[in-house]
Amino acid sequence: MNTKTIPLERKDVEKTTSLPLRPSSLVAVVVLGVLALVPALVSDSFFIHSLIMILFFAYMSTAWNFVCGYVGQLSLGHTMFSGAGGYCSVLLFTQLGVSPWIGMIFGGFLAAFLSVLIGLPTFRLKGPYFTLTMIACAEILRIWVENTNDFYGIPLKGAEGLVVPSMGDDVWAFQFTSKIPYFYIILIMLAVAIFATRLMERSKLGYCLKAIRGDRDAAEALGINPTRYTTLAFAISAFMTALGGSFYAQFFRYINPERNMGLELSIDMAVMSIIGGQGTVLGPLLGAAILVPIAEAARGTLGGSFLGLHLVIYGLALIACVLYFPKGVIHPLGRFFSRLFGLKETRG
Amino acid sequence: MTPILELANVSKRFGGIQAVKDASFSVGQGEILGLIGPNGAGKTTAFNMIAGFFKPDTGTIRLEGKDIAGKKPWEICEAGIGRTFQLSKPFGDLTVVENLMVGGFARNRDRRVNREKAEEMSAFLGMAAKRNIEANNLTAFDRRKLELGRALCTEPKLLLMDEVVAGATPSEAGEMVELVLKVRARGISILIVEHVMKVIMSLSDRVVVLDYGEMIASGPPKEVVSQPAVLKAYFGERYVQSRA
Ligand SMILES: Nc1ncnc2c1ncn2[C@@H]1O[C@H](COP(=O)(O)OP(=O)(O)OP(=O)(O)O)[C@@H](O)[C@H]1O
Ligand SMILES: [Mg+2]
């Protein structure tokens, strides 16, 4: 095309490039950097445990957001990937002695494969139909594992779940007596997931997903094959989710269908993204930072007498969020901070 | 010179409705061809077949001699046809520039290049000042211009425009006419559907008239609109008789 270059005002473009990093990247680096220092300052093991839980949920939610937030589909079946990943790494370790570090990669590929099988026929379903199909797939897997003790010689042990035998402090076995190594592992996993989301958001894949979310027909007319890009993103998301499932299994040295494949964990991932801000890089982290402590507190104080109270709280938070911050808490927060520092919001 | 687009005996039926019947017409290199006809004549259906959204029941559609009938929309885009929709379909929560960048990614993976190109396009559309506004917050006419720009960012050889001035004020319609002429000046051929006669008359080199899916006339705009068959299609039998 013989376009003539037309001079434009570039003021707000220059303003951000004069900073070493974009505001949201800066926030990510600062938050993760400060977190990295925490174990040096606090040695309370309950506190570290709670932080690990926040980081774990932030990671899972970030993995969920990678596809669902950007393409605008609500999956409530992502636990089939964490379950597949967790069972894969645990079984490879207990049955064949394969290090969970390697096993979790296998689990990731298994989950990615599963996601392609399930995603190809279901990803063109719209709204509730997609959501219900994903719930059904995840529940089928969970119920099958719960009722299968032995699958062609693989001891799944049904509802009882699998215990990872203790090996003491053993890096190769992904086992540590202190919680601090787990803290750094999940922190690094989260940092990588956030970085991957950031890269994706600014790449062709990110623009394609957002276009498909905006209008599928228009996206197709602009050269985008929706199946290709949603399948790719779904597989990456499934891979990341599976790694999270393996981490969880190693951290608790235990895995069972209810916790690792159940609907509850799927809801956690989705709700944290939605409340924090789906389709944004840091929304899931923010959502986890808000919801996990609330849920833990609810479980701690009233949990014994009122099971599932945290779900009620999720429901209320979700209602409040939909009413007041329909795009997630991160948007008003972002505006507040950019006004505070006199930065102009730039996007794209 | 081979025409940029050539339809031969293209038909499409929806259940009991023959939406397009045996249509054959072509768009020359650098030409602006107007496609007109009463409501339900099959204009949008013809567009959707060219753009790959419907597969024609019969017939061939050639882009620079290569048959593209039945290809997928993204393949058609890749082959060099851009389109707008009768009801505009902006990506509402993306800004003007981001919308335009999506178009650019069809040709180029580099974000910086696309951003640059999108900024130039926003200026070309006369929307430079609005380039960081979300498409949701644009006026209906700006959304139409944005959609046009987005299609242009895919670097088409042929542009399909479906009722681009529907609902626009006269001054906006004038602006759109200018814009379309500027697009043609870039060497892009254009197939345009339009109900506003003034726009069709001032833009088209030739027009094709569809009625009940059938081509009833074609030729220079001034000649075509005075043909009895065309008047009959638009105004009914009585009108033609009373004028005779
Ligand atoms: N997807 C579809 N399914 C069934 N029938 C359709 C479909 N699309 C169009 N039609 C029918 O085909 C005929 C031609 O429709 P089309 O939209 O092509 O007309 P048009 O010339 O674009 O009209 P308008 O000027 O109102 O936009 C109409 O009778 C319409 O009802
Ligand atoms: Mg139409």
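Buried means under 20% relative accessible area, exposed over 50%, and partly exposed in between, with a 1.4 Å probe and protein chains only. I keep to these classes below.

I am working on a predicted model, where local features need pLDDT of at least 70, side-chain atom pairs count only at pLDDT 80 or more, and totals for chains, interfaces and linings use all residues. Residues are numbered from 1 along each chain as its sequence is written, chains are lettered from A and ligands numbered from 1 in the order in which they are written, and side-chain values use heavy atoms, with hydrogens and water left out.

**Magnesium site.** I looked up the donors of the magnesium ion (ligand 2) and found Thr44(B) through OG1 and Gln86(B) through OE1, at 1.9 to 2.1 Å. Donors are N, O and S atoms within 2.8 Å of the metal (3.2 Å for Na, K and Ca); water is not among the atoms, so sites may look incomplete. Thr44(B) sits in helix 1 (residues 43-50) of chain B and Gln86(B) in the loop between strand 6 (81-83) and helix 3 (96-104), so the pair ties together parts 42 residues apart in sequence. I took helices (H or I, at least four residues) and strands (E, at least two) as DSSP runs, numbered from the N terminus. Thr44(B) is partly exposed at 25% relative accessible area, and Gln86(B) is partly exposed at 33%.

**Interface of chains A and B.** I counted 34 residues from chain A and 37 residues from chain B in the contact, where contact means heavy atoms within 4.5 Å. The two chains bury about 3300 Å² between them, 59% of it on carbon and sulfur atoms; buried area is the accessible area (1.4 Å probe) that two parts lose on being put together, summed over both. The rule finds four salt bridges across the interface, each a side-chain nitrogen of Lys or Arg within 4 Å of a carboxyl oxygen of Asp or Glu. I noted a salt bridge between Arg213(A) and Asp93(B), at 3.4 Å from N to O. On the side of chain A that touches chain B, helix 1 (11-17), helix 8 (204-214) and helix 9 (216-221) of chain A are the elements that give two or more residues. Helix 8 of chain A provides the largest share, six residues.

**Thr154(B).** I then checked Thr154(B), in the loop between helix 5 (140-153) and strand 7 (158-162) of chain B. Thr154(B) is buried, at 1% relative accessibility. Its side chain reaches the backbone oxygen of Ala151(B) at 2.7 Å. Leaving aside neighbours within four places in sequence, Thr154(B) is in contact with Leu222(A), Cys77(B), Gly103(B), Ala106(B) and Arg107(B).

Note on methods
Polar contact = N/O pair within 3.5 Å; in protein donor to acceptor, adjacent residues only side chain to side chain.
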